[in-house]
Amino acid sequence: MIEPLEPQARLDQIVKLIAKHMETEVCSLYVLRADGVLELYATEGLNPGSVHLAQLRLGEGLVGTIAATARPLNLSDAQNHPAFTYLPETGEEVYATFLGVPVLRAGRTLGVLVVQNKAAGRVYPEEESEALETVAMVVAEMIAAGGLEGLSRPGVTLDLTRPVNFSGLALCDGIGIGRVVLHEPRVIVSSLFNEDVETEVSRLVQALAILRESIEDMLARRDVADEGEHRAVLETYRKFAQDRGWVRRLEEAVRNGLTAEAAVEKVQSDMRARMMHLTDPYIRERLHDFDDLANRLLRQLIGQDGVGKDATDAVVVARNMGAAELLDYHRGQIRGLVLEEGAATSHVVIVARALGIPVAGQVKGAVSMSENGDPIVVDGETGDVHLRPPPEVHSLFADKLRFRAERQQRYRSLRDVASRTRDGLSIGLQVNAGLLVDLPQLVESGAGGIGLFRTELQFMVASTMPRAGDQERLYRAVLDSAGERPVTFRTLDVGGDKLLPYLAHGAEENPALGYRAMRLALDRPGLLRTQLRALLKAASGGRLRIMFPMITDVAELKAARGFLQRELEHLDRFGYPRPVDVKVGAMLEVPSLIFQLDPLMQDLDFVSIGSNDLFQFFFAVDRGNANVATRYDDLSAPFLRALRTVVRAGERHKVPVSLCGEMAGRPLSAMALIGLGFRDISMAPPSIGPVKSMLLALDAGALADELRAFLDDPQQAGSARPLLRDFAERHRIPY
Ligand code: PEP
Ligand code: MG
């Protein structure tokens, strides 16, 4: 593999070596072309003149059968196998025993590797079949590495270059068209043994120094220097890069004879082998950080550091990655992100969403099937990924992208238009946020403020618990950039699906119903009090809005207020000025609160309905489970009646009621909310434009009448969706 040979000579050498070591008379390699034909690319033993001429279709003959079934065939009497097809040009009729294995890469057949012998009755033992399969893996890498394209007739393309479609999870909306940038370009360590220990040690030491320097550089970058959320991750990297144990193991491996890069690979795979079986999320995150660090070091040693980081139109393809790594790329140049793993709650996905990068997750096989520079399209709306798309698919998505850009342009033109319905009702449109990178969107969207600041995101993207000072700095930056616009901070909402890797959570049978949010905060008040103190200090002299998540009964709200009161007194005692105004609210996410609205409303300044969780608990449907999540309708009569009950209680008590779940961002649902009496809603920033263009065309009074008639009908148990659609069509309301 490492001999500097031309591609054909390398293939010839490989089949020759296999034949020699397996003591077979024939060894041949067939490569699968994009047109479904298996072409003989190299042979030892068959007629050399038949190379690039002998062909079989997928499913034809023994070789075609192996390729089609992706299973080996081990025969002692090949000619009598029903699938046997005779290719006269090869002269293979005299060979009776036959062992063929598929050349597989990520479960996909790239070709077939065959050995044959004249002696009938010989059977290749199981170990030989396995050995040949292992060799086939190496050959697969070689085919993937390219260089074979030019060996056949002009115009022939290999199967590896054909278009592939994947369907993954839609994790962040948007269309990305660009070229593959493999996040971890395959580093193939080809020189394993060193010739001089001291030279190699100094290479290692030097590469480590450069690695440390690059981490310092990243830490010093303007967007990281202060309270950037990935600062904590980089600080962990800094610690690891200084880790004596790691450096010592690397040096030891070099002293035992390996090259610096082979040492990095060995130490890393030892560590992976030791830690792989551990399921603790904290350890897995650390392993991932270490993997990332080792890869950086490897690229440094092989001289590939920063490959692709500057590419324009990059669609980053990765197995998985940390949030900090995404921020390594130039923001303006990433068109999309494709992850083999990844879930809606992965840190990298949270950050990508904040940056508006389309993401598809759970795209199995994406890394191994892509090569750097391959054209690729990501559809973040459906989760589909088209690798090496044919021209018609490419142009279809280019049209879609253009259409979206035009629509975005139209929405931008609405930015400074007052958000008022056609019949003159003023509606507050706010955004949900949670990271520093979200903040520019507050101004760009023209929103009235931040209706939900999810403070847990800072905790989720960090590898260690953010310190009080870090929290305070973030909150102050948020308040500064919001200026006059109000910001509603939600206290830590962890537990359930939002686990902090560094905080021990016991395993729970039903995490959504478990030890989370306020339940945890009230039992372990240290966290809550630190956070409240940070919020109060950040807003010192200004205005502050705080809301508590997952309040289930009034007593919990009272207890939370008690902690807030103590922190206010703490400020007085130590001479910090209080905020001039502190408003306290509760999130209504648990149905039990709907049946204690009067006492609840007497005790707070505002309510915000978390419809994501309320819906989940109302219908007993796991919000993350695709099998049930869409089974019930959030526009159904029972759910809308529940929402209306809360709005009416708010009106009675003169307590503003807002809603900040995903439904606020869907124009048709937002329309229903306005019809129910909501005058303020909060949504993801990209939804502001579509919701605003809906409400500008809305006659809210007329809708309220129709919706009231529907909900007041005691027999009505269905969905209001058809009514709402019909209303929108009749009034030409875009939804
Ligand atoms: C909700 O539950 O609707 C909500 C806004 O909170 P989160 O989505 O963060 O749980
Ligand atoms: Mg919630």
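Predicted model: local features only at pLDDT ≥ 70, side-chain atom pairs only at ≥ 80, totals over all residues.
A polar contact is a pair of N or O atoms within 3.5 Å, and on that basis a polar backbone atom of Asn612 meets ligand 1, whose oxygen atom is 2.7 Å away. The protein covers 99% of the 290 Å² of accessible area that ligand 1 has on its own.

**Ligand 1 and its shell**

- The shell around ligand 1 holds 14 residues, of which the closest are Arg454, Arg490, Glu589, Asn612 and Arg623.
- Side chains also reach the ligand: an N or O atom in the side chain of Arg490 is 2.8 Å from an oxygen atom of ligand 1, and a polar side-chain atom of Glu589 likewise lies 2.8 Å from an oxygen atom of ligand 1.
- By residue class, the shell around ligand 1 divides into 7 charged, 4 polar and 3 nonpolar residues.
- Strand E16 (450-454) and helix H21 (611-618) each supply at least two residues of this shell, and H21 gives the largest share of it, with 3 residues.

**Ser152 in its loop**

- Ser152 is found in the loop that runs between helix H3 (126-144) and strand E7 (164-167).
- Because its relative accessibility is 10%, which is under the 20% limit, Ser152 counts as buried.
- Not counting residues up to four places away in sequence, Ser152 touches Glu39, Tyr41 and His52, and with Glu39 there is a polar contact of 2.6 Å between the two side chains.

**Helix H23**

- Helix H23 covers residues 637-653, and its 17 residues, at 1.5 Å a residue, should span 24 Å, which agrees with the 24 Å between its end C-alpha atoms.
- The buried residues of H23 are Ala637, Phe639, Leu640, Ala642, Leu643, Arg644, Val646, Val647, Ala649 and Gly650.
- An α-helix has 3.6 residues a turn, so residues three or four places apart point the same way.
- After H23 comes Lys654, whose phi is positive, near 55°.

**Glu472 in helix H16**

- Glu472 has its place in helix H16, which takes in residues 468-482.
- With a relative accessible area of 17%, Glu472 is buried, because that value is under 20%.
- Leaving aside neighbours within four places in sequence, Glu472 is in contact with Ala534, Lys537 and Ala538.

Key. Residues numbered from 1 in each chain as written. Chains lettered and ligands numbered in written order. Heavy atoms only, no water. Helix = DSSP H or I, 4+ residues; strand = E, 2+ residues; numbered from the N terminus. Buried < 20%, exposed > 50% of the residue type's maximum accessible area, 1.4 Å probe, protein only. Polar contact = N/O pair within 3.5 Å; in protein donor to acceptor, adjacent residues only side chain to side chain. Contact = heavy atoms within 4.5 Å. Expected span 1.5 Å × (residues − 1). Near = heavy atom within 4 Å. Areas by Shrake-Rupley, 256 points an atom, 1.4 Å probe, with all protein chains shown as cover. Nonpolar A, V, L, I, M, F, W, Y, C, P; charged D, E, K, R; others polar.
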